[in-house]
Amino acid sequence: MVKDLSVSLCGLSLKNPVIPASGTFGFGLEMAAAMDLNVLGGISLKGSTREARYGNPVPRIADCTAGMINSVGLQNPGIDVLVNEKVPALRRLYDGCIIANISGFSVEEYRECCTRADECEGINLIEVNISCPNVHGGGLAFGTSAAAAAQVTSTVKEACHRKPVFIKLSPNVTDIVEIARACEDAGADGLTLVNTFLGMRIDIARRKPVLANTMGGFSGSAIFPIALRMVYQVAHACHIPVMGCGGVTSAREVVEMMMAGATAVQVGAENLRNPFACPEIISELSSVMEELNISTLQEIIETV
């Protein structure tokens with residue numbers, strides 16, 4: 001029996017719910033010669049800021065049991081290159097949902113970059129990363145304060161009139177439901193969760209942190225149960241769609257995320273371990289659905 005993998009996300013029809021997460025799949029173009037990009041339900045592009053950024057000093061990557069820590073520092077070519085070069089080039093190869101991931105260090109930067117993304121014809125959805133430090137607010141990440149998260153959300157929504165806006169939440173908070181509800185109340189069309197957890201490693205021979213930046217974002221299979229819990233909490237507390245993300249490595253975990261409340265599921269660190277993770281997961285979904293007597297993926301969303 002043919003299984004229906006399609007899902008509807010804020011009025012966008014995705015052929016399946018599997019999306020490479022921002023920062024783990026470049027701009028999609030890097031993998032075009034190695035795989036058929038059109039099997040993917042969507043692609044969340046490398047995070048973009050107003051100006052080009054080199055990122056943090058090296059070393060930027062630390063290996064961990066069942067995961068990794070990165071402190072890349074939002075290295076990217078800037079919003080102009082994204083909308084004028086990367087997205088048009090990808091659109092010529094890919095017919096699915098293109099997600100622009102936007103970062104900023106001030107409310108004004110978020111507004112400017114999201115406006116540019118909203119005006120770009122090739123982009124279908126805007127994902128706003130609020131894990132960035134607020135340079136005008138003492139350096140704390142926008143995503144750790146309900147008021148700051150709501151301010152970014154309302155500002156971006158005032159600027160974006162064409163594309164759905166998803167806010168990507170940081171898990172490094174006491175109560176992620178409070179932040180999620182603040183974003184919903186401020187007008188967010190959807191939420192992506194979770195971003196990476198704060199972690200570090202120490203080189204015991206050198207007696208120094210492995211990362212030049214000391215700490216970084218911990219991701220990988222180890223965080224899946226925590227990410228799943230947060231998706232469940234937020235999906236049951238809010239009334240807007242959720243994209244689940246965090247430690248997903250298999251089709252069975254995609255189903256878990258969807259049963260917890262996710263409409264679509266992003267695959268992150270697993271792409272760095274296995275660049276073909278997403279196509280492999282998509283190819284496995286039908287057999288998992290057959291095993292569990294699931295006819296359509298849309299029907300299992302928030303069924304737990």
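**Figure 1. Ten salt bridges occur in the structure.** The model is predicted, so local features need pLDDT of at least 70 and side-chain atom pairs count only at pLDDT 80 or more, while totals for chains, interfaces and linings use all residues. Residues are numbered from 1 along each chain as its sequence is written, and side-chain values use heavy atoms, with hydrogens and water left out. A salt bridge here is a side-chain nitrogen of Lys or Arg within 4 Å of a carboxyl oxygen of Asp or Glu.

**Figure 2. Lys15 and Asp95 form a salt bridge.** Their closest N and O atoms are 3.0 Å apart. The pair links distant parts of the chain, 80 residues apart. Lys15 sits in the loop between strand 2 (12-14) and strand 3 (18-20). Asp95 sits in the loop between helix 1 (79-91) and strand 7 (97-102). Helices (H or I, at least four residues) and strands (E, at least two) are DSSP runs, numbered from the N terminus. Lys15 is partly exposed, at 36% relative accessible area. Asp95 is exposed, at 57%. For these labels, buried means under 20% relative accessible area, exposed over 50%, and partly exposed in between (1.4 Å probe, protein chains only).

**Figure 3. Lys157 and Asp189 form a salt bridge.** The closest N and O atoms are 2.8 Å apart. Lys157 belongs to helix 3 (residues 146-159), and Asp189 to the loop between helix 4 (176-185) and strand 10 (190-193), so the bridge ties together parts 32 residues apart in sequence. Lys157 is partly exposed, with 22% relative accessibility. Asp189 is also partly exposed, with a relative accessible area of 22%.

**Figure 4. Asp203 meets Arg206 in a salt bridge.** The N to O distance is 3.8 Å. Asp203 is partly exposed, at 24% relative accessible area. Arg206 is partly exposed too, at 47%. Elsewhere, salt bridges with shared partners join Arg50, Glu51 and Glu112 into one network.

**Figure 5. One aromatic pair is found in a search of the whole structure.** The ring centres of Tyr110 and Phe142 are 5.3 Å apart and the planes lie at 80°, so the pair is edge-to-face. Rings of Phe, Tyr and Trp (its six-membered ring) pair if their centres lie within 6.5 Å; planes under 30 degrees apart count as stacked, over 60 as edge-to-face and the rest as tilted. Tyr110 is in helix 2 (residues 107-119) and Phe142 in the loop between strand 8 (125-129) and helix 3, so the contact ties together parts 32 residues apart in sequence. Tyr110 and Phe142 are both buried.

**Figure 6. Arg60 lies over the face of Tyr54.** The distance to the ring centre is 4.9 Å. A charge sits over a ring if NZ of Lys or CZ of Arg is within 6 Å of the ring centre and within 35 degrees of the ring normal.

Figure 7. Strand 11 and strand 14 (residues 216-219) run antiparallel and are joined by three bridges. Two strands pair if DSSP finds at least two bridges between them. Gly199 stands opposite Gly216 in strand 14.

**Figure 8. The structure holds zero disulfides.** Cys10 is in no disulfide, and the nearest cysteine sulfur, that of Cys97, is 9.7 Å away. A disulfide is a pair of cysteine sulfur atoms within 2.5 Å. Cys10 is partly exposed, at 30% relative accessibility. The Cys114 sulfur is 4.9 Å from the closest cysteine sulfur, in Cys160, which is too far for a bond. Cys114 is buried, with a relative accessible area of 0%.

**Figure 9. Val58 and Pro59 are joined by a cis peptide bond.** Omega is about 0°. Pro59 is in the loop between strand 4 (42-44) and strand 5. The peptide bond from Leu193 to Val194 is also cis, with omega near 10°. Val194 is in the loop between strand 10 and strand 11.

**Figure 10. Ala66 has a positive phi, although it is not a glycine.** The value is about 60°. Ala66 lies in the loop between strand 5 and strand 6 (67-70). Its relative accessible area is 39%, partly exposed.
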